[in-house]
Amino acid sequence: MVGLATVFGAGGGTSSYEEVEHTDLMLLWGSNARAAHPIFFHHILKGIHNGMKLIVVDPRRTESAEWGDLWLGIDVGTDIALSNSLAREIIVNDLHDTAFIAHATLGFEEYAASVMGWTLERGEEVTGVPAGVIREVAHAYAKADRAMICWTLGITEHHNAVDNVVSLINLSLLTGHVGTYGSGVNPLRGQNNVQGGGDMGAIPNKLAGFQDIEQDHEARARFEAAWDVPIIPAYGYTLTQMFEAMERGDLTAAYVIGENPASSEADKTHTVKLLEGLDCLIVQDIFMTRTAELADVVFPASNSAFETDGTVTNSERRVQRMRKALDPPGDAKDDIWIIAQLAKRLGRDWGDLTPHQAWEELRTLSPMHAGMSYERLDELGGIQWPCPDETHPGTKFLHARLWADEPAEQGPKAPFSVVVDDPPVDTLTEEFPLRLTTGRRLDSYNTGVQTGGYTSPLRRGETIDMSPEDVQRMGLAEGEVVAVSSRRGAVRAPVHVDRGLRPGLVFMTFHFPDQVDTNVLTIEATDPRSGTAEFKATAVRIDKLPVPAAEGIE
Amino acid sequence: MDLHLTPAVASVEERAAVDELLGAPDSGWHGAERDEQTHRVARGGRAARDERHLLLPALHALQAHTGWISEGGLNYVCERLTVPPAEAYGVATFYAMFSVEERPPNVVHVCDDLACELAGAQQLCDRLTAEIGPEGAPSPDGSSTWKTSPCLGMCEQAPVMFAQRAGRDEVALAGASVATFEALVAPASTVTCSGADTAPQTWDPEERTSLRLLKRVGVVDPGSFDDYHAHGGYTALRRAVELGAEDTIREVTDAKLMGRGGAAFPTGVKWKAVAEQPVHPHYFVCNADESEPGTFKDRVVMELDPFAVVEALTIAGFATGAEQGYLYIRGEYPLATRRLEHAIAEARHRGYLGDDVMGAGFGFDIELRRGAGAYICGEETALFNSLEGKRGEPRNKPPFPVQRGLFGKPTGINNVETLLNVLEILSVGGAAYAETGTEGSAGPRLFCLSGQVERPGVYEHEHGVTLRQVIEAAGGMREGKALKAVLLGGAAGGFVGPDRLDVRLTFEDARAGGYTLGSGVVMLFDEDADLTGACLRIARFFRDESCGQCVPCRVGTVRQEEALHRIAQGRPLGSHADELALLEDIAQVMRDASICGLGQTAANAVQSAIASLGVFGRDDTDTLAGDGLPTPTEEQE
């Protein structure tokens, strides 16, 4: 979101699901949507059915890649090298949209100069993808009438996440594949309301509606007036910065709502130690998570999917109503009720606050949501922001303004960004020769808190997935338990042969922390701007165990 | 594509069999050795998925080379064609000719259907049991086994056998006996297919002059393009080209040609509808999946005049704007398959198929595809699914094939006999053709005479001929016995008693009289024939062949067979009348609610036997009770 907000001023995917079904070409980059975003992938499948060409960029040949017309197996962390090579190929073949570039962008010359060193040959050398294939993709993307780039954590879970995102946006600016129907740049969201969290200001630098807390004085004043409190005009901490602050002792209390950092953060041994060191840890969740187990106070919350009213915002910026169907079990309470009670104890009585009241307040403070009454949300089946007034139909795709003739209507032009290839922090050496990347499977969700309680015929527990070649070379067998070590820790996991991997590349999920604590291995190198950690690139070694360990994986 | 391959690996032999069909694999993702390129690039997606239609040919290749489809072999096919193994398994197990379990290399299918039963199939099976071993069990040397089979489409030469032999040609053989079984499976077997020589009207030089559809049968060399040409071959296509596509369709429309497959839809209307579809490409399919018990007319034509089928299909493609034709032939017709393959290759070689047919500036080619033992694939939409490499399950209509047929594109489909009429129409002219036959049923018609008839075979008559005349033309009853019943139109048709021999065989008379011409089956049962057994066989046939997709048919065909067995054994559930009422109920539900013709007609023959012949009547069953009929469980073993 930081990358998108930097270039376009708004942190959201630009396109609608409907457009996914009617685009001509999709570059699915660093995303195994088939497994990780199965609902979104249904829209991709419809697009494929309608004739869309799908090109998948991923170190692994994933289930998603199997659906692709073309798969590019790049080396982990070489995304910028690939995008810069694509850019150069597009420019030198005169396939870039010079009219759009002149009309709606800034900094093209500098950008063009910066990618000129990225010949196809150098691209091949760095990414491992044959030069001819890079060329083919460059031409296909540039020549497509409608083209979309979609990505997920394969792009953002790197130490240079924002650069990765910006490098993809550069391609859309270069070809004019943004701001028109069926073209755009879209990060896929892992939950039904990740976008909604950002919308509502649950990010360190924005108030609700992506209004900058530091720079948008007018907006800040509006919130201050409505809430009758002064708001400090300073960015807060990202998640990673919070842990750094804990480490320094600057942050001594945490209120964790619906998150499980004790399982999900990189270098988790360290994370748990920091959480244990807090003066006060409050956890509000629907499950007794590992983080909750560390807490001083646990607020049992209700399930937002069917035990409360409210709204969510999905990946296409569509705000939708959620309706309560069941009473929460036992003493579990609505999140809003818990927060209101907390406010009351802290001296602010909000009365019997309902989700609808909260929403109506939001509409007065966030211009992009102003036109979304509950009635209209019902009537239209959700509305895509921005929707500034009650006559506005919502916005199918973002940044059409870039194409506008009137400068006032066009607003700020979109800047190209010069991005420099920067390989993963955790380098491969003789001692740690294998590249471990992590991801998700269809049957499980994140740390397994929400999915572990349900059986799935697909679930096979944690494994260290390896290429057939590596398994053979190391004399291993399917199911054999091996030691996996990184510079930070070691775990044991059974081997699983995956033809989608090449020699030197291994894969694990983080779904089964109680069985195999994958994040003991991962590195806590984070992007300073987005705060995401480099889960996708860890250097590991795999050692055969002397005696086959039948049971009792650590 | 979610290819969850199992660890099983194909043998070298299996890979070779598949590669022979598909060519060598192009990358590590499709079955070749994994290399550096494999690790970096994969091409798949649409191009790979578009190969799905080759699934049935690939399964045929495995089955033919190794005698069964192993898990490793199936994996390899799936990898080659980008088909999820679970789906491929679903396809492999749908078709009777495929086995996913290892079995002896020689499997001989022994027809025990109606016509063969009248020719002593039961005694043959008893002898095979005694001398070779029980049905399905390996022979003493393990090299072979035998199985009973529904109608193999050679009723005029009953009883018959059809042998699948791993690594060797498939053979269909007439006059089946234990000796022919042994000859078929012998390691040095030289047995070849029994050819059709039985279009008895062609034996008499006088009589054959009246023939229009069968005029070349028995005269022309089926293996020679030149001989076909010398006997008037390709004059009809030339005429079509002269007329142009639109006027060709007009001739067919003027001729009032109606489909001979059973539905009697006006052919010209169908062609026009396809030709006018704005969506391209168009396809034209020749339905040669002749599987209706008692039917063999298309087989005889394909074996003895294969070029005529190729020419007629080419005309259909030309008229409807299709550039690709498919000829879907039933899997148990090895001789017709070989002759048609040869005819297609010859026609292509001579420029009568290909990019520029006859130098006339249009392209058309034909691909022959074999079925694999599924009656349901004669249903047009099931046939499309089968061609696309799927289970042969009928689709809901609409959309109709002319709008969305094969591969979702506008498709024309006619059976062999219908297409054959087009040659005649173009040679005499549509109007002249329309004057033959009757007002409502123009032109000639092929009939399949079988059972206890003096001279079984294919006969050509003008529409309007009576059933009595048809029987008399075939020499009447064998051995001068009295006629008990005629099965008219096939298993999906109905029984007609000796009192109704003067019915005229036309579409309009059939409609008015509540019978059907179906696929032209005229099977005679004499005074000693066991009609109860025939009805049970028909019920078993439909229960076996129901694809199971829709409930009325899946459940109804089973319930029907069960009730018939209970009545036959004199052990009705409730009263005898209750059972008959139940059968009527089942028939009604299947007729009204099944999605395709199989279910809709599965009760026809049985109901007609009950209504017009009194089979399963109270008097009848009393005598049957102690008749030593098999119990249902034995029957199904």
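How many residues does the contact take from chain B, and how many from chain A? In this predicted model, the contact takes 17 residues from chain A and 12 residues from chain B. Look at the side of chain B that touches chain A: α2 (36-40), β1 (41-43) and α3 (45-49) of chain B each supply at least two of its residues. Sorted by class, that side of chain B has 5 nonpolar, 4 charged and 3 polar residues.

Now find β1(B) again, where the two chains meet strand to strand. Strand β3 (residues 70-72) of chain A and β1(B) run antiparallel and are joined by 3 bridges. To see one of the pairings, pick out A:Trp71, whose bridge partner in β1(B) is B:Ala42.

What about the nonpolar cores? In soluble globular proteins, nonpolar side chains tend to be buried together. The largest nonpolar core in this model has 195 residues, and B:Val77, B:Val160 and B:Val309 have the most contacts inside it. Helix α16 (residues 306-320) of chain B gives the most to this core, namely 10 residues. To follow one of these valines, take B:Val77: leaving aside neighbours within four places in sequence, B:Val77 is in contact with B:Val18, B:Leu55, B:Ala58, B:Leu59, B:Leu62 and B:Ala88. There is also a second, separate core of 77 residues, with A:Val57, A:Ala65, A:Val133 and A:Val419 among them.

Finally, turn to a residue of chain A, A:Tyr454, which lies in the loop between β16 (434-439) and β17 (464-466) of chain A. Is A:Tyr454 buried or exposed? A:Tyr454 counts as exposed because 10 other C-beta atoms lie within 10 Å, and a residue is exposed if that number is 12 or fewer. Along the chain, A:Tyr454 and A:His399 are 55 residues apart, and their C-alpha atoms are separated by 42 Å.

Key. Residues are numbered from 1 along each chain as its sequence is written. Chains are lettered from A and ligands numbered from 1 in the order in which they are written. This is a predicted model: local features need pLDDT of at least 70, side-chain atom pairs count only at pLDDT 80 or more; totals for chains, interfaces and linings use all residues. Two residues are in contact if their C-beta atoms, placed from the backbone, lie within 7 Å. Helices (H or I, at least four residues) and strands (E, at least two) are DSSP runs, numbered from the N terminus. Ala, Val, Leu, Ile, Met, Phe, Trp, Tyr, Cys and Pro count as nonpolar, Asp, Glu, Lys and Arg as charged, and the others, Gly among them, as polar. Two strands pair if DSSP finds at least two bridges between them. A residue is buried if 20 or more other C-beta atoms lie within 10 Å of its own, exposed if 12 or fewer, and partly exposed in between; C-beta atoms are placed from the backbone. A nonpolar core is a set of buried Ala, Val, Leu, Ile, Met, Phe, Trp, Tyr and Cys residues joined through C-beta atoms within 7 Å.
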